[in-house]
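Reader: Please walk me through this model, one feature at a time.

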Amino acid sequence: MAKLIVLTLLGMGLALFKNHQFSYQTRLNALREVQPIELPNCNLVKGIETGSEDLEILPNGLAFISSGLQYPGIKSFNPNNPGKILLMDLNEEDPTVLELGITGSKFDLSSFNPHGISTFTDEDNAVYLLVVNHPDAKSTVELFKFQEEEKSLLHLKTIRHKLLPNLNDIVAVGPEHFYATNDHYFLDPYLRSWEMYLGLAWSYVVYYSPSEVRVVAEGLDFANGINISPDGKYVYVAELLAHKIHVYEKHANWTLTPLKSLDFNTLVDNISVDPETGDLWVGCHPNGMKVFFYDSENPPASEVYRTIVIMFNGNPFCLSLVFGY
């Protein structure tokens, strides 16, 4: 009888394991293969060989790029050096990148590990850059003021909070006000790996201000990129392993109400919003298995989706187009 119980439990365990394994592979899009699409006006930008994680473009054509991210489970191409913020002028015919110097006596450059970034421009046209940072595998938000003439960043403040433990991306709605995604619930690397494997969908979105911090959206399977519509009415959140972008209505008290979800056949990552049309430009991973299990002989592909946003009866209607691999 005891052997029968053991065999039954073992069989149930194996069945559960196979079920989760299939779900894990599906969420990573492990079987998807893509063929390269050659785009006529696509050129390699030199100086970003260690990778770029996020970018933010100002109305005047200056673009900030975070580079050198070291993230658990992801291949790093420069593991022994800190990350950096690069500047590119898109008004130039053949734009190049410039590393921005960082000043501020309390900022530790040696542990700089930038992830998602966002900008906010105040009434005096001062530009603030908010950067998700992972010093020593922790999560902070670094607040900088952009000094355009000096081509540098002045570090103003480091923001920490218990509701910001696993930050991924950020969208600024004020100099010290923002929405941010936490891509995991657990801090421990072992528990994080099981959280991801089992698809627990416990990641979430936080609203932060100096006077109030709260969770405004939850139940997400690896919350990733986040951005806001040009009119400030809608917040977009990428759910990486569910292959979705969620559209939320933003209220005056900073709470979010879910409106709709957009489905993709890809792992959606960072979201950029066209300031004129409101369209979404989404960086994606066709096959997440190749991202998390890197093979230099068979490297992962990337693709860009343009999601056209059309307002209909006061609500956003969205249509997605893929642009290239």
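Reader: Which helix gives the largest share of the lining of the second largest pocket?

Author: This is a predicted model, where local features need pLDDT of at least 70, side-chain atom pairs count only at 80 or more, and totals for chains, interfaces and linings use all residues. Numbering starts from 1 along each chain, and side-chain values use heavy atoms, without hydrogens or water. A pocket is an open set of 1 Å grid points over the protein atoms alone where a 1.4 Å probe fits, with protein on both sides within 12 Å along at least five of seven lines; lining residues have an atom within 4 Å of a point. Five lining residues, the largest share, come from helix 2 (a DSSP run of H or I, at least four residues).

Reader: How many residues line that second largest pocket?

Author: Nearest its centre lie Tyr-71, Pro-72, His-184, Pro-189 and Arg-192.

Reader: Which residue in helix 2 forms an aromatic pair with Tyr-24?

Author: The whole structure holds 15 aromatic pairs (Phe, Tyr or six-membered Trp ring centres within 6.5 Å; planes under 30 degrees apart are stacked, over 60 edge-to-face, the rest tilted). One is tilted, at 5.1 Å centre to centre and 55° between planes, and involves Tyr-24. Tyr-24 belongs to helix 1, and its partner, 173 residues away in helix 2, is Tyr-197.

Reader: Are Tyr-24 and Tyr-197 buried or exposed?

Author: Buried means under 20% relative accessible area, exposed over 50%, and partly exposed in between, with a 1.4 Å probe and protein chains only. Tyr-24 has 14%. Tyr-197 also has 14%, so it too is buried.

Terms used: Helices (H or I, at least four residues) and strands (E, at least two) are DSSP runs, numbered from the N terminus.
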